[in-house]
Amino acid sequence: MKQIQIIGDSIMKGVVYDAQRDKYSLCHDRLEVAGAQIRNLSKMGATIETGMERAIRHLPEYGPETMVILEFGGNDCNHRWDEVSAAPDQEHICFVPPERFVADYRSTVQTLQQTGTEVVISTLPPISAPKFMAWLSRGLNYDNILHWLGDVEILSRRQKEYSDLAKQVAIETGCRILPLREAAEQLPNWRQLICGDGMHPTEEGYSSLHSFMSSWLQSA
């Protein structure tokens, strides 16, 4: 039986945000692929550095019969918004700057490839910048954060930049690309399938993404 391991952040873990209760939980829909055993090692808040640590920890489990799906970038491009709010005229560096993100991603992929396992890199489903801005600025100074950003939509553009960087690493290292972003963009109502925090898909959103992933992996 084919072994599929998923190492990513809360998107791959299936986290859903309930705005009414201000609480996170796991979606009810589960990714299933006929003839394959799936193990999900994703973690909420994970960056590529978390992914590297997890990949190395589980390295003895990998080999020619294993596929590892990596999905990172959404947390890497994020910031400490309390610091931005308090000092909007200062420079603020994201959690994992682009150069380090690419270098760490490439190193993680190459380490996995040395075991003979197939590595697949997933692109990032689009976020909703207005929703995300409203969520991240709760209890903070919205105007200060907007002053630092310059434009709310830069949140979407920066997340897309990291998705493109992940795709770049895939091309450089010969990995297949799981086009999760592109699949989401094909859904006419994708913006309505994003939770109130602007980042995570709703239950219906996950159902659509998992259906696409299942079909893609089935033919992989």
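Which elements each supply at least two residues of the lining of the largest cavity? The answer is α1 and α9, where helices are DSSP runs of H or I with at least four residues, strands are runs of E with at least two, and both are numbered from the N terminus. The model is a predicted one, in which local features need pLDDT of at least 70 and side-chain atom pairs count only at pLDDT 80 or more, while totals for chains, interfaces and linings use all residues. Residues are numbered from 1 along each chain as its sequence is written, and side-chain values use heavy atoms, with hydrogens and water left out.

A quick word on terms: on a 1 Å grid over the protein atoms alone, a cavity is a set of points where a 1.4 Å probe fits but cannot get out, a pocket is an open set with protein on both sides within 12 Å along at least five of seven lines, and lining residues have an atom within 4 Å of a point. Grid points are joined across faces, edges and corners, and a volume is the space filled by probe spheres set on the points.

Back to that cavity, then. The structure has one cavity of 30 Å³ or more, and the largest cavity holds about 30 Å³ of space. Its lining is made up of I11, M12, L180, Y206, L209, H210 and M213, with α9 giving the most, four residues.

Two or more lining residues come from each of α1 (10-13), α5 (129-136) and α7 (154-173). As for the second largest pocket, its volume is about 190 Å³. Of its 14 lining residues, M12, K13, R30, L31 and N40 sit closest to the centre. β4 provides the largest share of this lining, three residues.

Next come the aromatic rings. There are seven aromatic pairs in the structure (ring centres of Phe, Tyr and Trp, the last by its six-membered ring, within 6.5 Å; planes under 30 degrees apart are stacked, over 60 edge-to-face, the rest tilted). Y17 and Y24 make a tilted pair, because their ring centres are 4.9 Å apart and their planes stand at 45°. Y17 also pairs with W135 edge-to-face, since the centres are 6.5 Å apart and the planes at 80°. Y17 lies in strand β2 (residues 15-18) and W135 in helix α5, so this pair ties together parts 118 residues apart in sequence. Y17, Y24, F132 and W135 form one aromatic cluster.
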